[in-house]
Amino acid sequence: MRTVTLTAPDDFDGWRDAARALAAAGVSPDKVVWQVGEAASDLFATAAPLATSPVPAFSVPRPFIDLARKVVLAAAPERFALLYTLLVRLRAEPGLMEDEADPLVRRLERLAKEVRRDIHKMRAFLRFREVEDADGPRFVAWFEPEHHIVRANAAFFVDRFAAMRWAILTPELSIHWDGKHLAEGPGAQKGDAPDGDPVEDVWKTYYASIFNPARLKVGAMLKEMPRKYWKNMPETALVPGLIAGAQARESGMIEKARAAVGGNVAASWGALREEATACTRCPLYRDATQTVFGEGPLDAAMIAVGEQPGDQEDLAGRPFVGPAGQMFDRALGDAKIDRARVYVTNAVKHFKFEQRGKRRIHAKPNAGEIDACRWWIEQERALIRPRVTLLLGATAARSVLGRTVTIARERGHALDLGDGGIGWLTVHPSYLLRLPDKAAAAEEYGRFVAELRAAWALAV
Ligand code: SF4
């Protein structure tokens, strides 16, 4: 048995180095004990011989590294062992990360999702109180994270409060910023942090600067916030004004995002996609596995907008990979459209379903959910600026046009989107899958292909 002792609960580098050495030595996951503490690691103690034959070096896919960086921060004690098990399995099954049904991959994805939420909560709900010491004002906050996220979040607070002297106290450790250097101290207790009102001006400025309409659930904001965080929130006074200016701010944010990355659409899109992983703008994030963002070329002349991810998309984290997506691919092929030239996305980014026994049955998103999620599709379109936005069904139409449509009346026509782009409405491919009559299905499929072809002709 090998024992690996990591220096801290969030010691990703230590885990990675040990896991790499163990995997190269052919050590089975059930022969490794992972622990955190002071004791020296006996990774290569000679209690049992290591594999003697050299094991060829191997690389792991980038998504695994990204997943591991998050999962290591989770509170679950078994996280190191689970990650090592996945690492070992990846050697024999290089495509395992794409296996949405694999229980281990799913479990680790769930842990990563919990960590991302905790990181977001700390950024959104932590509050500073002002104290005075010999060097002047200092700002102290108390926070109780659910996972080991404090170090991973430190750079965020340094960035936002670079000019202040501050400390964040948590039960596990404390971090201190003196305006130049970040230092760590031991864990604290709630009583170590000052009581009283949070610092209103600091928070109003901060909140206004980070305000993101994507995270705002108008009329439900305070209800949605975990109760332990939202008492004494001075920024709530700002909310009505921020809501009123939300529209202008949204387009401003897009331009700002473009400018911040020197007009680099790929970087803006990457930041947007990352931001969407933590979206809690409507309740659908709670039950779904993950946000399913759009994908495809960022200079696409045509964007196809579907309704929402299905069961398979939810597990895979990719749009249009389930049965309806396959039907769509087939129709694009028959319309002589290169699928690789079309950006595909959904009006709603989380899977809505009803659980019936072990099955998850698709449920239609309601108007509130569609409207809440419009924030993302608008930004995707603003970044890509497609000539044609293909609206696959009524949900996509409501999202992009902002109104209810009758498909039979408006399909197959160019619709002015008011921003220089053209909307083109047709049915959702899942409709074609549901038609029971074979002759009717074949006829509808032919019409669908013809409409795709017509839309493409406008785009290119
Ligand atoms: S469905 Fe859209 S708005 Fe709702 S939580 Fe998911 S990404 Fe956010």
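Predicted model: local features only at pLDDT ≥ 70, side-chain atom pairs only at ≥ 80, totals over all residues.
**Helix 2 and helix 3**

I moved on to helix 2 (residues 62-71) and helix 3 (residues 79-92). How are they arranged? Their axes lie 10 Å apart, and the packing angle comes out at about 170 degrees. Angles over 145 degrees count as roughly antiparallel, so that is the label for helix 2 and helix 3.

Helix 2 brings Phe-64, Leu-67, Ala-68 and Val-71, and helix 3 answers with Arg-79, Leu-83, Leu-86, Leu-87 and Leu-90. Sorted by class, I count eight nonpolar residues and one charged in this contact, with no polar ones.

**Helix 4 and helix 5**

I read an angle of about 40 degrees here, with the axes 10 Å apart. That angle makes helix 4 oblique to helix 5. I looked up the handedness of the crossing as well, and for helix 4 and helix 5 it is right-handed.

Which residues meet between helix 4 and helix 5? From helix 4 I noted Ile-119, Met-122 and Arg-123; from helix 5, Val-150, Asn-153, Phe-156 and Phe-157. By class, the contact of helix 4 with helix 5 holds five nonpolar residues, one polar and one charged.

**Whole chain**

Finally I zoomed out to the totals. The protein chain has 18 helices and 14 strands. How many of its residues are buried? I get 48% of the 460 residues.

I also looked at how far apart in sequence the contacts reach. Taking contacts between residues at least 6 apart in sequence, 72% join residues at least 24 apart. Last entry, the surface: the protein chain exposes about 22,100 Å², and 53% of that comes from carbon and sulfur atoms.

Technical notes
Residues numbered from 1 in each chain as written. Heavy atoms only, no water. Helix = DSSP H or I, 4+ residues; strand = E, 2+ residues; numbered from the N terminus. Buried < 20%, exposed > 50% of the residue type's maximum accessible area, 1.4 Å probe, protein only. Contact = heavy atoms within 4.5 Å. Areas by Shrake-Rupley, 256 points an atom, 1.4 Å probe, with all protein chains shown as cover. Axes fitted to C-alpha atoms, helices over the stretch in contact; angles between N-to-C directions. Parallel < 35°, antiparallel > 145°, perpendicular 65-115°, else oblique. Left-handed = near helix turned anticlockwise from the far one by under 90°. Nonpolar A, V, L, I, M, F, W, Y, C, P; charged D, E, K, R; others polar.
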